[in-house]
Amino acid sequence: MLSTGTQKYSVTIGKITSLKFEDKDVLLVTSKNLEHLYLEYMLSIIKAKSVNVCVVDDGEMHKNMQTIDEILESAFKHKLHRNALMIALGGGVITDMVGFASGIFQRGIDFISIPTTLLAMVDASVGGKCGVNNKYGKNLIGLFHQPKQVFVAPMFLRTLPERELLAGVAEIIKIFACFEYSLLQNFNMLDIEFYIQKSIELKAQVVEKDEKERHDLRALLNYGHTFGHAIELEGGYSEFLHGEAVSMGIVMANRLSVKLGILSSDIDMFICALLKRIGLPTHYKIKDIDSFYNAFFYDKKSLDSKLHFILLESKEVVKATVHNNIDKQIIYEVLHEFA
Ligand SMILES: NC(=O)c1ccc[n+]([C@@H]2O[C@H](COP(=O)([O-])OP(=O)(O)OC[C@H]3O[C@@H](n4cnc5c(N)ncnc54)[C@H](O)[C@@H]3O)[C@@H](O)[C@H]2O)c1
């Protein structure tokens, strides 16, 4: 059971065999890829007053206000009322959009999350951050809206392309590095179900203490992301998957930590070798250093025009901390290593 300031909800891990909402009208929202793979199965196990379906286009480029409007249009067309329920069946893109659409439909109705990618299972489906992109950047429009329940069924991973699976592993490594570094020793992909459960537990602990990122705690989940977002921007959001950019971003952030003398180079090398062994990219070649640096300021976390870096430190224990006053010269030295 996860308990935030605004909601208590359970995250159930295992096979989904039946979903009963007999007094509710349901709008199941999914994307075209998942419609072919799982819609029939999902419709066979949901028992509700009515089950309506809204299928939207796949991909980050459709995570925008236009698709939110399509979901709302479908909810109105099917005459959903305030006690209706939306179900998100999909990866992080669907999870974020359904969280958002249900959060504003008639001033907010309940939603349930059924993540189908590893990244959505361990990260996007828990914590209630729901945002869409616009021309100014990623996830800049949205709200905090916690799901009523989350069902994590690892069986969905069987059809997930390898590249997407590895992108999710990058987020697992991120969360372990920040909060339980010992789990990275002997990291083995065969233990993926245990790692899913552990990642959710660790993220839940963070969300319970700092739901709306008012303190520095939830911000720590952005380890690797300041560099990662700049990589995604330079690649036009199509060259790399989010998790791949995070993997390279983690390596860059660690290099900055080493330069600042707060992380041992053994740990830097260990994490880099682990990411590489798993099959994730670890070296990004920056196209233009000045615009890469300027991209840091478009990051949501830097809208107060100060740069905030989440960096790993190794003192008695390895942990992530927030750094606000890093000399531009040092950041440039790190960027030159990747140019
Ligand atoms: N809200 C949060 O806290 C949070 C956290 C992390 C990431 N995110 C967001 O998540 C998004 C990325 O999510 P993602 O990596 O899941 O990408 P995604 O939702 O785009 O899914 C990736 C691809 O995999 C396909 N797919 C999904 N499940 C499948 C399955 N079981 N079998 C076969 N194909 C399947 C999808 O159709 C899509 O083409 C980003 O927009 C990011 O901003 C949000």
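A salt bridge is taken here as a side-chain nitrogen of Lys or Arg within 4 Å of a carboxyl oxygen of Asp or Glu. The views below show a predicted model, in which local features need pLDDT of at least 70 and side-chain atom pairs count only at pLDDT 80 or more, while totals for chains, interfaces and linings use all residues. Residues are numbered from 1 along each chain as its sequence is written, and side-chain values use heavy atoms, with hydrogens and water left out.

**View 1. The salt bridge between K49 and D25.** The structure holds 18 salt bridges, and in one of them the closest N and O atoms of K49 and D25 are 3.8 Å apart. Because K49 lies in strand β4 (residues 46–56) and D25 in strand β3 (residues 19–31), the pair ties together parts that are 24 residues apart in sequence; helices (H or I, at least four residues) and strands (E, at least two) are DSSP runs, numbered from the N terminus. K49 counts as exposed at 56% relative accessibility, whereas D25 is buried, with a relative accessible area of 13%. Buried stands for under 20% relative accessible area, exposed for over 50%, and partly exposed for values in between (1.4 Å probe, protein chains only).

View 2. The side chains of E232 and K138 form a salt bridge with an N to O distance of 3.6 Å. Since E232 belongs to helix α8 (residues 225–234) and K138 to strand β8 (residues 137–144), this pair ties together parts that are 94 residues apart in sequence, and both E232 and K138 are buried. In the salt bridge of E171 and K174, the N to O distance is 2.9 Å; these residues are three apart in helix α5 and thus separated by about one helical turn. E171 is buried at a relative accessible area of 2%, and K174 likewise counts as buried at 2% relative accessibility.

View 3. R218, found in helix α7 (residues 216–219), is buried yet has no salt bridge, the nearest side chain of opposite charge being E213 at 4.6 Å. The backbone oxygen of G127 lies 3.0 Å from a polar atom of the R218 side chain. Leaving out residues up to four places away in sequence, the contacts of R218 (heavy atoms within 4.5 Å) include V126, F144, V207 and D210.

View 4. Y41, in helix α1 (residues 32–45), is partly exposed, with a relative accessible area of 26%. Its side chain reaches the backbone oxygen of I16 at 2.6 Å. Y41 and T17 are 24 residues apart in sequence and 9.6 Å apart in space, C-alpha to C-alpha. Apart from neighbours within four places in sequence, Y41 is in contact with K15, I16, T17 and M155.

**View 5. Helix α3 and the residue that follows.** Helix α3 (residues 92–104) has 13 residues and reaches 19 Å from its first C-alpha to its last, close to the 18 Å expected at 1.5 Å a residue, where the expected span is 1.5 Å times one less than the number of residues. The helix is mostly covered, with 12 of its 13 residues buried, among them V93, M97 and F100. Just after α3, Q106 takes a positive phi of about 50°.

Note on methods:
Lys, Arg positive; Asp, Glu negative; His and termini not counted. Polar contact = N/O pair within 3.5 Å; in protein donor to acceptor, adjacent residues only side chain to side chain.
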